[in-house]
Amino acid sequence: MDSLFVALLILVLIGVAGLGWFSLVLYKKQRRNTEKVIRELNKVATDLKKSINHTYYQSEAYAQLMQLLDLKSSIPPTRGWAASPDLLLTIYETVKKINPSLVVELGSGVSTLVAAKSGAKKVVSLDGSK
């Protein structure tokens with residue numbers, strides 16, 4: 001009877017040790033996964049913050065541009081191939097500062113409008129669109 005009790009006790013101890021080892025393996029795996037998720041979330045948060053700051057910067061430039069140009073209606077969309085609001089603001093400021101008699105640009109769009117409304121005496125736009 002004593003040998004049966006000892007054998008059962010050894011089996012229980014082996015089982016407990018196995019469960020402890022299995023728990024440790026699961027803990028380490030879960031910790032690695034958690035650290036990976038935290039790194040990915042931090043990266044997403046950083047990217048989102050940069051995107052929000054960029055959008056805010058573009059919104060400020062757009063608002064300044066609209067006030068400076070004193071247009072009767074809004075300008076065409078500044079997405080895709082069109083110049084971004086910060087570039088348009090730079091065009092406005094450059095034309096105002098230099099006061100050129102002629103502005104030549106490639107492509108016609110919102111930048112053409114900005115160059116013309118900024119005080120350029122003549123704007124020539126070359127556009128290959130059909």
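Helices (H or I, at least four residues) and strands (E, at least two) are DSSP runs, numbered from the N terminus. The model used here is predicted: local features need pLDDT of at least 70, side-chain atom pairs count only at pLDDT 80 or more, and totals for chains, interfaces and linings use all residues. Residues are numbered from 1 along each chain as its sequence is written, and side-chain values use heavy atoms, leaving out hydrogens and water.

**Exercise 1.** Work out which residue follows H1, and which residues of H1 are buried.

Solution. Start at the end of the helix: aspartate 70 follows H1, and its phi is positive, near 50°. Next, apply the cut-off for buried (under 20% relative accessible area, with a 1.4 Å probe and protein chains only). Gln58, Ala61, Leu65 and Leu69 are the buried residues of H1. Finally, look at their cover, which includes H2 and H3.

**Exercise 2.** Describe how H2 packs with H3.

Solution. Begin with the geometry: H2 (residues 85–98) and H3 (residues 110–117) meet at an angle of about 30°, with axes 9 Å apart. H2 is therefore roughly parallel to H3, a term for angles under 35 degrees. Now list the contact (heavy atoms within 4.5 Å): Leu88, Ile91, Tyr92 and Val95 of H2 meet Val110, Ser111, Val114 and Ala115 of H3. Sorted by class, these are 7 nonpolar, 1 polar and no charged residues.

**Exercise 3.** Is serine 118 buried or exposed?

Solution. First place serine 118: the loop between H3 and strand E2 (123–126) holds it. Its relative accessibility is 2%, so serine 118 counts as buried. Then check its neighbours: leaving aside residues up to four places away in sequence, serine 118 touches Leu69, Tyr92, Val95 and Lys96.

Notes
Axes are lines fitted to C-alpha atoms, for helices over the stretch in contact, and angles run from 0 to 180 degrees between N-to-C directions. Angles under 35 degrees count as roughly parallel, over 145 as roughly antiparallel, 65 to 115 as roughly perpendicular and the rest as oblique. Ala, Val, Leu, Ile, Met, Phe, Trp, Tyr, Cys and Pro count as nonpolar, Asp, Glu, Lys and Arg as charged, and the others, Gly among them, as polar. Buried means under 20% relative accessible area, exposed over 50%, partly exposed in between (1.4 Å probe, protein chains only).
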